[in-house]
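The model is a predicted one.

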Amino acid sequence: MSATTTSPEQNTALRQFVWSRLGTVLALAPLGVWVVLHLWNNLAAFQGAEAWQASVTTHRHPVAAAITWVVVLLPLALHTVWGLARSLKARPNNARYGYFGNLRFLLQRVSALGVLGFVGAHLWLAFLRPRLVEGHAERFVDIAHEMRTHPPTLVVYLLGTLGVAFHLANGIATSAMAFGIGTTQLSQKRMERLALVLLVVFLGMAWGAVYALYRAGV
Ligand code: HEM
């Protein structure tokens, strides 16, 4: 075999490596970046209907709207397939080894299932249904009314965004290892602290927006 040809085993290993990194990279950007921006934009709910509508549901150009959704929904679909495949291969051993790292491994997968259910429902109820069935984007008064008067909606948003905040914060910290960061014991401790700080920040933004919508609901 010449120095430039690759064996079938090398090709398989390369494919597995690319697939493994692809799921991670897509989850961080554009998906993770977009989720943080989306949470930030929703905080406009504190400034009332017009500000929220301008910041969350209005796109300056229909093409920009279409590109945004391709850039978000395609990585989400790919990351979901990637994540489900990894979850099916996982063999949690938390009963035998009660380490914190093992708990995080399990919670990453449990939160993924919660995020899948929440994001699916959220995409249908807040994005597609208003546009396809009612002929307009989600209205501030409608979502604020639901948040205020329909307790299941409030609970689902609180728990769903808790799942997203944990999954993203923990995912950012654990995926650093894939890029050679956080490989020593000390840096792993630092990554644990980073995950906690990110969790508090993301949850603060998400629950802040939920509170602002609840407060504005009649
Ligand atoms: C809001 C949507 C989501 C975001 C922003 C997101 C973000 C992330 C990030 C940043 C990671 C770390 C990457 C890594 O571990 O290499 C990750 C890991 C993971 N995600 Fe997601 N994710 C989302 C939705 C989902 C969904 C819907 C599923 C599947 C049902 C899923 C399953 C997983 C799994 C199983 C892991 C762990 C992979 C591992 O540790 O080997 N994620 N996610």
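Along the sequence, the elements of the protein run α-α-α-α-α-α-α. The secondary structure amounts to seven helices and zero strands. The C-alpha trace spans about 70 × 40 × 25 Å along its principal axes. Of the 218 residues in the protein, 19% are buried. Where contacts join residues at least 6 apart in sequence, 73% of them link residues at least 24 apart.

The largest nonpolar core holds 28 residues, and those touching the most other members are Ala165, Ala169, Phe202, Ala209 and Leu213. At least two residues of this core come from each of helix H1 (8–42), helix H5 (140–149), helix H6 (151–175) and helix H7 (185–216). H7 provides the largest share, eight residues. Leaving aside residues up to four places away in sequence, Leu213 touches Ala45, Ile143, Ala144 and Met147.

H6 also packs against another helix. The axes of helix H4 (residues 100–134) and H6 come within 8 Å and cross at roughly 135°. Angles over 145 degrees would count as roughly antiparallel and those from 65 to 115 as roughly perpendicular, so H4 is oblique to H6. The crossing of H4 and H6 is left-handed. On the H4 side, the contact includes Arg104, Leu107, Gln108, Ser111, Gly114 and Phe118. On the H6 side, the residues include Val156, Gly160, Gly163, Phe166, His167 and Asn170. By type, the residues of the contact of H4 with H6 are seven nonpolar, nine polar and one charged.

Notes: Residues numbered from 1 in each chain as written. Predicted model: local features only at pLDDT ≥ 70, side-chain atom pairs only at ≥ 80, totals over all residues. Core = buried A, V, L, I, M, F, W, Y, C linked by C-beta atoms within 7 Å. Buried ≥ 20, exposed ≤ 12 C-beta atoms within 10 Å, placed from the backbone. Helix = DSSP H or I, 4+ residues; strand = E, 2+ residues; numbered from the N terminus. Contact = placed C-beta atoms within 7 Å. Axes fitted to C-alpha atoms, helices over the stretch in contact; angles between N-to-C directions. Parallel < 35°, antiparallel > 145°, perpendicular 65-115°, else oblique. Left-handed = near helix turned anticlockwise from the far one by under 90°. Nonpolar A, V, L, I, M, F, W, Y, C, P; charged D, E, K, R; others polar.
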